[in-house]
Amino acid sequence: MADASEITTPPPAAKLLPVAVLLWLAGVYLRIPILVAPPLAPFISDELGLSQALTGALTTLPILMLAIGSMPGSLAIARLGPRNTLALAMVIMVAGSAGRGLSPDTVTLMLASAVMGLGVAMMQPSLPALLPRWLEPRHLAIGSAIYMNGMLMGEFIGAGITLPVLMPLMDNSWRATLLAWSLPGLLVAAALFLPRRDMARPVRKPSWLPDWKNPLTLRIGLLLGLSGSLFFGLNAYMGNLLKQQGNFEMLADALFWYNFAQVIASLLMLKMARYWVGRKLPIIVAASCSVIGTLGTLLFTGWWAIASATFMSLTAGILLILLVALPPVLVPSQETGRLSAGNFLVGYTLAFAVPMIGGLLADWGNDARYAVGFIIAYCILVFPLTFTLDLRRQKGQPQS
């Protein structure tokens with residue numbers, strides 16, 4: 001077993017850099033295809049005559065597919081290996097995302113959105129499953145932080161530069177803009193085969209269905225649901241909350257800082273991953289702060305409410321990275337994809353369902369605070385799980 005100084009020493013830049021770049025680029029494509037839809041939605045709606053529900057589905061349908069597609073991803077990892085699965089998933093993602101830009105009608109657009117969501121969903125468990133094949137055990141935490149930094153940067157890039165930067169370069173065509181975001185993903189997929197390790201398929205067929213007997217499957221999944229419900233839910237209802245408070249003109253600034261906080265979270269985790277990943281206290285603190293920040297959006301108004309939402313986004317981003325980074329460091333490499341897929345199945349199902357139920361309550365009570373209150377209630381219900389997580393390495397995990 002390596003001593004503590006070796007474990008906490010960052011890997012040499014020259015050794016990690018090529019793999020880090022690939023992990024980061026793959027992470028970017030976990031979110032850019034999904035989050036370019038909101039800024040482009042008005043233009044797509046005008047041309048294809050979408051209803052409000054269908055316009056919203058451009059974003060919510062891929063999020064739902066993140067849950068549904070986790071099991072096909074797990075199956076592919078068991079049969080093809082994580083590298084091949086990640087490359088295949090990226091091709092599927094690009095086909096769906098580019099297909100949206102070529103869609104002649106609403107039905108084709110929604111089918112392409114579902115295909116794109118399936119590709120992203122298959123990418124999600126592939127990345128943590130790939131880490132133990134590409135990195136030494138003591139580098140797993142920083143590897144997780146790198147691709148999650150790419151993912152959260154992708155959220156900010158997709159939402160932030162699509163309209164002011166990329167669309168003018170594409171002659172203000174939403175179709176060309178979608179193609180410009182999508183097609184470079186094929187180059188990333190091809191580059192995944194440059195590292196000369198783990199090129200082979202699995203020599204045996206490991207299990208791929210979630211292991212519900214493993215407490216980590218459900219517990220990490222429920223806590224991922226906490227992080228996702230807070231982030232996606234408050235993102236969805238921010239406008240209604242500010243309008244209800246008489247501060248709707250602050251929405252653009254609120255959304256900027258809200259999404260920028262996720263970038264700060266990912267940068268912070270690049271620095272702190274090797275100290276925080278695999279420890280219970282950071283998870284407890286991040287979950288607590290996320291709930292407290294959300295409560296602040298209900299108790300305060302104006303800039304204090306926006307600051308509370310931004311604080312929640314920051315801590316929920318940290319919590320997300322802490323949870324997603326657990327499978328590679330807790331279970332054997334052949335079990336990592338299976339555990340991650342089970343976590344994402346549970347987590348994204350809840351991240352879709354909890355805010356949706358909250359929205360129904362808000363419609364019933366004609367008060368956006370009901371939606372946020374329901375999300376907080378779910379979070380309080382599952383918060384005790386942070387104390388019961390068993391973060392010891394399971395049998396068969398390589399030791400550093």
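Q: Is Leu40 buried or exposed?
A: In this predicted model, Leu40 lies in helix H4. Its relative accessibility is 0%, and a residue counts as buried under 20%. Leu40 is therefore buried.

Q: Which residues does Leu40 touch, not counting residues up to four places away in sequence?
A: A contact requires heavy atoms within 4.5 Å. With residues up to four places away in sequence not counted, Leu40 touches Thr162, Leu163, Met167, Trp174, Thr177 and Leu178.

Q: Which residues make the contact of H4 with H9, and how do they divide into nonpolar, polar and charged?
A: H4 contributes Pro39, Leu40 and Phe43. From H9 come Gly158, Ala159, Thr162, Leu163 and Met167. With Gly counted as polar, the residues of this contact divide into six nonpolar, two polar and no charged.

Q: Where do the buried residues of H10 lie around the axis?
A: In helix H10 (residues 174–182), the buried residues are Trp174, Thr177, Leu178, Trp181 and Ser182. They cover an arc of only 130 degrees around the axis, which puts them on the same side of H10.

Q: What covers the buried residues of H10?
A: The cover includes H4 and H9. Also included are helix H3 (32–35), helix H7 (82–102) and helix H11 (184–191).

Q: Is Leu178 buried or exposed, and with which residues is it in contact beyond its neighbours within four places in sequence?
A: Leu178 is found in helix H10. Its relative accessible area is 2%, so Leu178 is buried. Leaving aside neighbours within four places in sequence, Leu178 is in contact with Val36, Leu40, Ser97, Arg100 and Gly101.

Q: What is the phi of Asn172, and where is this residue placed?
A: Most residues other than glycine have a negative phi. Asn172 instead has a positive value. Its relative accessibility of 55% is over the 50% cut-off, so Asn172 counts as exposed. Asn172 is placed in the loop between H9 and H10, and its phi is near 55 degrees.

Q: In which loop is Asn366 found, and is it buried or exposed?
A: Asn366 is a residue other than glycine with a positive phi, near 55 degrees. The loop that holds it runs between helix H17 (333–365) and helix H18 (368–382). With a relative accessible area of 70%, Asn366 is exposed.

Q: Which residues of H6 are buried?
A: A residue is buried when its relative accessible area is under 20%. Leu75, placed in helix H6 (residues 70–80), has a relative accessible area of 30% and is therefore partly exposed. The buried residues of H6 are Ser70, Met71, Gly73, Ser74, Ala76, Ile77 and Ala78.

Q: How far apart in space are Leu75 and Thr85?
A: Along the sequence, Leu75 and Thr85 are 10 residues apart. From C-alpha to C-alpha, they are separated in space by 9.3 Å.

Q: Is Ser126 buried or exposed, and with which residues is it in contact beyond its neighbours within four places in sequence?
A: Ser126 has its place in helix H8 (residues 106–134). At 0% relative accessibility, Ser126 counts as buried. Leaving aside neighbours within four places in sequence, Ser126 is in contact with Ile77, Pro82, Thr85 and Leu86.

Q: How many disulfides does a search of the whole structure find?
A: A disulfide needs two cysteine sulfur atoms within 2.5 Å. The closest cysteine sulfur to that of Cys289 belongs to Cys379 and is 13 Å away, too far for a bond. Cys379 is likewise in no disulfide, and its relative accessible area of 0% makes it buried. The number of disulfides found in the whole structure is zero.

How values were computed
Residues numbered from 1 in each chain as written. Predicted model: local features only at pLDDT ≥ 70, side-chain atom pairs only at ≥ 80, totals over all residues. Heavy atoms only, no water. Helix = DSSP H or I, 4+ residues; strand = E, 2+ residues; numbered from the N terminus. Buried < 20%, exposed > 50% of the residue type's maximum accessible area, 1.4 Å probe, protein only. Arc of directions from axis to C-beta.
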